[in-house]
Amino acid sequence: MELVNGRPASNDGRLEREIKVYDLLDSLKIPFQRTDHEPADTMEACNRIDKILGTIICKNLFLCNRQKTEFYLLMMPGDKPFKTKDITKQIGCSRLSFADSEYMEEFLHIKPGAVSIMGLMNDTQNRVQLLIDKPVIEADTIGCHPCVNTSSLKLKTQDVLDKFLPAVHHTPIIVDMPSYNE
């Protein structure tokens, strides 16, 4: 694995959903670094990628309410535990659980294992509310997948907040998830 600037030199072997991410980032003039790798399907694999990127790839959880009428994408540091009670209080929802993969594919055009903030570009009807844990927005950079789990990107957090999210018409709700490290 090596860290390179920008998109791949060729689209050969790349999925359309990945190319669309690079096209959008280029059109918004958002610089990024990228590394290609084997599928990142465990946090251990993500930790190896984190070292190459020099940033933390966020844990991205796709959640929904009991009625499956409200959907959320929660970005939080990968080393933090997730407890639904911590988030439901903050957003005023009675109960959240992991959403079915069919909703993830319908709204974000992403398959499990590649969930990423970049998928919000496909949520044109704003069905998914973005939730960001406070330490993520306090970091200088964000690591994420370009809608596939065989590449990872490093972007400036401010570019994501100031350019990407407005362009895809999503406003995040900032939450503060406990770390339970005490």
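Trainee: Which residue in S4 does Phe 62 stand opposite?

Mentor: In this predicted model, Phe 62 stands opposite Leu 73 in S4. The two strands concerned, S3 with residues 59–65 and S4 with residues 71–76, pair in the antiparallel sense over 6 bridges.

Trainee: And what packs on the sheet there, touching S3 and S4?

Mentor: Helix H4, residues 101–108, packs on the sheet and touches S3, S4 and S6, with its direction making about 105° with that of S3.

Trainee: Back to Phe 62, is that residue buried or exposed?

Mentor: Phe 62 is buried, and Phe 71 is buried as well.

Trainee: Which residues do ring pairs link into a cluster?

Mentor: Ring pairs link Phe 62, Phe 71, Tyr 103 and Phe 107 into a cluster.

Trainee: New topic: in what order do the strands of the open sheet come?

Mentor: The open sheet is formed by 5 strands in the order S5-S3-S4-S6-S9, and the pairing is mixed. Its edge strands are S5 (96–98) and S9 (173–175), each of which pairs on one side only, while neighbouring strands are turned by 35° against each other on average, direction ignored.

Trainee: Which strands does helix H3 lie across?

Mentor: Helix H3, residues 84–91, lies across S4, S5, S6 (128–133) and S9, running at about 130° to S5.

Technical notes: Residues are numbered from 1 along each chain as its sequence is written. This is a predicted model: local features need pLDDT of at least 70, side-chain atom pairs count only at pLDDT 80 or more; totals for chains, interfaces and linings use all residues. Side-chain values use heavy atoms; hydrogens and water are left out. Buried means under 20% relative accessible area, exposed over 50%, partly exposed in between (1.4 Å probe, protein chains only). Rings of Phe, Tyr and Trp (its six-membered ring) pair if their centres lie within 6.5 Å; planes under 30 degrees apart count as stacked, over 60 as edge-to-face and the rest as tilted. Two strands pair if DSSP finds at least two bridges between them. Helices (H or I, at least four residues) and strands (E, at least two) are DSSP runs, numbered from the N terminus. Axes are lines fitted to C-alpha atoms, for helices over the stretch in contact, and angles run from 0 to 180 degrees between N-to-C directions. Contact means heavy atoms within 4.5 Å.
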